[in-house]
Amino acid sequence: MNTDIDAQLFEAAEAVRKRAYAPYSHFTVGAAILADDGKIYSGCNVENAAYPIGNCAEASAIAAMIAGGAKRIERVYVTGSGSMPTTPCGGCRQRLREFAAPDTAIICHGVEGEPLMTTLGELLPHSFGPDHLDQ
Ligand code: THU
């Protein structure tokens, strides 16, 4: 299912991963989001000499999506330079949670082997989100 869009998302994630700025970890990550406007937004990790303030690829892709005017995440690809599939870190699971539904597909790739196909709800069960705030 979704073979064409999946190919485009994988290609976008790989293209942006090649532009990652990761001189400290040497671990490059690309993320590509299919948004509710039908467009693909991508981002890579951007590290910093002050290590804790580096940005993850998912955070960069979300920033691009919001800057581009889209509102919701429909599907996500993450590709990383490790042998295991790169899964979003804990902080990025929460960042994705803000704009995605529990059944939103998240497809995680490493440089070898089969991708891990999961959902936001599997990665972040019983999550806290905007709906919990009484406003
Ligand atoms: N990284 C991401 O960009 N996304 C993740 O979800 C996992 C980790 C980056 C952060 C850092 O630049 C490098 O991978 C090694 O942790």
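Which pocket is the space taken by the ligand? Please go on from there to the residues around the ligand, and then to the cysteines.

Analyst: The model is a predicted one, and in it the space taken by the ligand is the largest pocket. The residues around the ligand are Ser 25, Phe 27, Val 29, Asn 45, Glu 47, Cys 56, Ala 57, Glu 58, Thr 87, Pro 88 and Cys 89, and this shell divides into six nonpolar, three polar and two charged residues.

Within that shell, oxygen atoms of the ligand have polar partners on the protein. For Glu 47, a polar side-chain atom lies 2.5 Å from a ligand oxygen, while for Asn 45 a polar side-chain atom is 2.9 Å from an oxygen atom of the ligand. Cys 89 takes part through its backbone, where a polar atom is 2.9 Å from a ligand oxygen. Of the 370 Å² of accessible area that the ligand has on its own, the protein covers 76%.

Turning to the cysteines, a search of the whole structure finds zero disulfides. Cys 44 is in no disulfide, and the nearest cysteine sulfur, which belongs to Cys 56, is 11 Å away, whereas a disulfide would need the two sulfur atoms within 2.5 Å. Cys 44 counts as buried because its relative accessibility is 11%, which is judged against a limit of under 20%. Cys 108 is likewise in no disulfide, with the sulfur of Cys 92 as its nearest cysteine sulfur at 11 Å, and Cys 108 is buried, since its relative accessible area is 0%.

Technical notes: Residues numbered from 1 in each chain as written. Predicted model: local features only at pLDDT ≥ 70, side-chain atom pairs only at ≥ 80, totals over all residues. Heavy atoms only, no water. Near = heavy atom within 4 Å. Polar contact = N/O pair within 3.5 Å; in protein donor to acceptor, adjacent residues only side chain to side chain. Areas by Shrake-Rupley, 256 points an atom, 1.4 Å probe, with all protein chains shown as cover. 1 Å grid on protein atoms, 1.4 Å probe; cavity = no way out; pocket = protein on both sides within 12 Å on 5 of 7 lines; lining within 4 Å. Sits in = over half its atoms within 2 Å of the grid points. Nonpolar A, V, L, I, M, F, W, Y, C, P; charged D, E, K, R; others polar. Buried < 20%, exposed > 50% of the residue type's maximum accessible area, 1.4 Å probe, protein only.
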